[in-house]
Amino acid sequence: MSIGQITPDFDGTTVLVTGGAQGIGYQIASYFHAAGARVAVLDYDKKLLDEAWGGIDRVHLAAVDVSNGDAVRSAVDDVVAWAGGVDVAVNNAGIARDAVVWKLTDEQWDSVLAVHTTGTFNVTRSVVPHMRAAGAGRIINVTSYTGMHGNIGQSNYAAAKGGIIAFTKSVAKEVARFGVTCNAISPNASTAMVAAVPPDKLAEMTASVPAGRFAEASEMAPAVGFLASAQAAYVTGVVLPVDGGVSM
């Protein structure tokens, strides 16, 4: 059976995506762009940004370290000046610095929480005033199965992603009365992080997925599109697993 793709119409909408130069972030940004949105793509790597998005119409690029609150605030101000507002913000930027807890360095701990959790806070804090003023908005955060269940060698990553889940629910309660929703997805996709896993461990991980495979990064985008759509106006504070059943 073939299931046809249904893409919401985001014509006239401004969507901000962090970590949008590659992987899941790139696919999410591409999805919204194909659906007619103006897309602001933020990423730490200017070279990758330019290679992926340079010269494309309806795209605004900003090389930004999302852990830097002042830089994020300035970047969001630039997006608002470019587009007139921010309708959707997708907090996707992330890094991994894996080690068992007794070998975890201060830098490995701090950098992972700074990008994931503080980065999500910085972007959200910067876009919410604009969404409040508009009386509408969508915030979608990317978390992880690891944030709910933990993983050996990833206590920093688990703490960061678990923090995003709690942050999502708290923000959802704060902004609901302004017509703004805040949700998260928990993906299970083939990314650069997955590609770095040793083959024997990757085979074990794949076998644990009821669907029998890791998703393509592009398969995460429609879930984000739904949460950003008008049809999801009454959905807030949820963590949507897009994981082939691994979290069951």
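**Figure 1. Strands E5 and E6 lie side by side in this predicted model.** Strand E6 covers residues 180–187. E5 and E6 run parallel and are joined by 6 bridges. Asn 141 has its place opposite Ala 184 in E6. Strands in a sheet pair through backbone hydrogen bonds, in either a parallel or an antiparallel way.

**Figure 2. The two faces of strand E6.** Val 180, Cys 182, Ala 184 and Ser 186 point one way. Thr 181, Asn 183, Ile 185 and Pro 187 point the other way. E6 also pairs with E7, in the parallel sense, over 4 bridges. There, Ser 186 stands opposite Pro 241 in E7.

**Figure 3. The whole sheet, strand by strand.** The open sheet has 7 strands with parallel pairing. Their order is E3-E2-E1-E4-E5-E6-E7. Which strands form the edges? They are E3 (59–63) and E7 (239–242), and each of them pairs on one side only. On average, neighbouring strands are turned by 15° against each other, with direction ignored. Helix H9 packs on this sheet and touches E4, E5, E6 and E7. The direction of H9 makes about 165° with that of E6.

**Figure 4. Strand E4 between its partners E1 and E5.** E1 and E4 run parallel and are joined by 3 bridges. Val 15 stands opposite Val 88 in E4. On the other pairing, E4 and E5 are parallel over 4 bridges. Ala 89 has Ile 139 in E5 as its bridge partner. Val 88 and Val 90 point one way from E4, while Ala 89 and Asn 91 point the other way. These four residues are all buried.

**Figure 5. The largest nonpolar core.** This core has 31 residues. Which of them have the most contacts inside it? They are Ile 28, Phe 32, Val 90 and Ile 185. Several elements each supply at least two core residues, among them strand E1 (14–18), helix H1 (23–34), strand E2 (38–43) and helix H9 (221–228). A second, separate core has 29 residues, including Val 86, Ile 95, Tyr 157 and Cys 182. In soluble globular proteins, nonpolar side chains tend to be buried together.

**Figure 6. Ile 185 and Leu 240 in contact.** Leaving aside neighbours within four places in sequence, Ile 185 is in contact with residues including Ile 140, Val 142, Met 220, Val 224 and Leu 240. Leu 240 is found in strand E7. With residues up to four places away in sequence not counted, Leu 240 touches Ala 184, Ile 185, Ser 186, Ala 223 and Leu 227. Leu 240 and Ile 185 are 55 residues apart along the chain, but their C-alpha atoms are separated by 4.6 Å. Is Leu 240 buried or partly exposed? Leu 240 counts as partly exposed because its relative accessibility is 29%, and the cut-off for buried is under 20%.

**Figure 7. Helix H4, its span and its kink.** H4 runs over residues 106–134. At 1.5 Å a residue, its 29 residues should span 42 Å. The end C-alpha atoms are 41 Å apart, so the two values agree. Where is the kink centred? It is centred on Ala 114, with a bend of about 40°. Just after H4, Gly 135 takes a positive phi of about 75°.

**Figure 8. Helix H6 and its buried residues.** H6 (residues 155–175) has 21 residues. From its first C-alpha to its last, H6 reaches 30 Å, close to the 30 Å expected at 1.5 Å a residue. Among its buried residues are Asn 156, Tyr 157, Lys 161, Ile 164, Ile 165 and Val 175.

**Figure 9. Arg 58 in a loop.** Arg 58 is found between H2 and E3. Its phi is positive, about 65°, although Arg 58 is not a glycine. Most residues other than glycine have a negative phi. Arg 58 is partly exposed, with a relative accessible area of 30%.

**Figure 10. Ser 74 in helix H3.** H3 covers residues 69–83. Ser 74 is partly exposed, with a relative accessible area of 38%. How far apart in space are Ser 74 and Thr 105? They are 31 Å apart, C-alpha to C-alpha, and 31 residues apart in sequence.

Technical notes. Residues numbered from 1 in each chain as written. Predicted model: local features only at pLDDT ≥ 70, side-chain atom pairs only at ≥ 80, totals over all residues. Heavy atoms only, no water. Core = buried A, V, L, I, M, F, W, Y, C linked by side-chain atoms within 4.5 Å. Buried < 20%, exposed > 50% of the residue type's maximum accessible area, 1.4 Å probe, protein only. Contact = heavy atoms within 4.5 Å. Pairing = 2+ DSSP bridges. Axes fitted to C-alpha atoms, helices over the stretch in contact; angles between N-to-C directions. Expected span 1.5 Å × (residues − 1). Bend = angle between axes of the 7 residues up to and from the residue.
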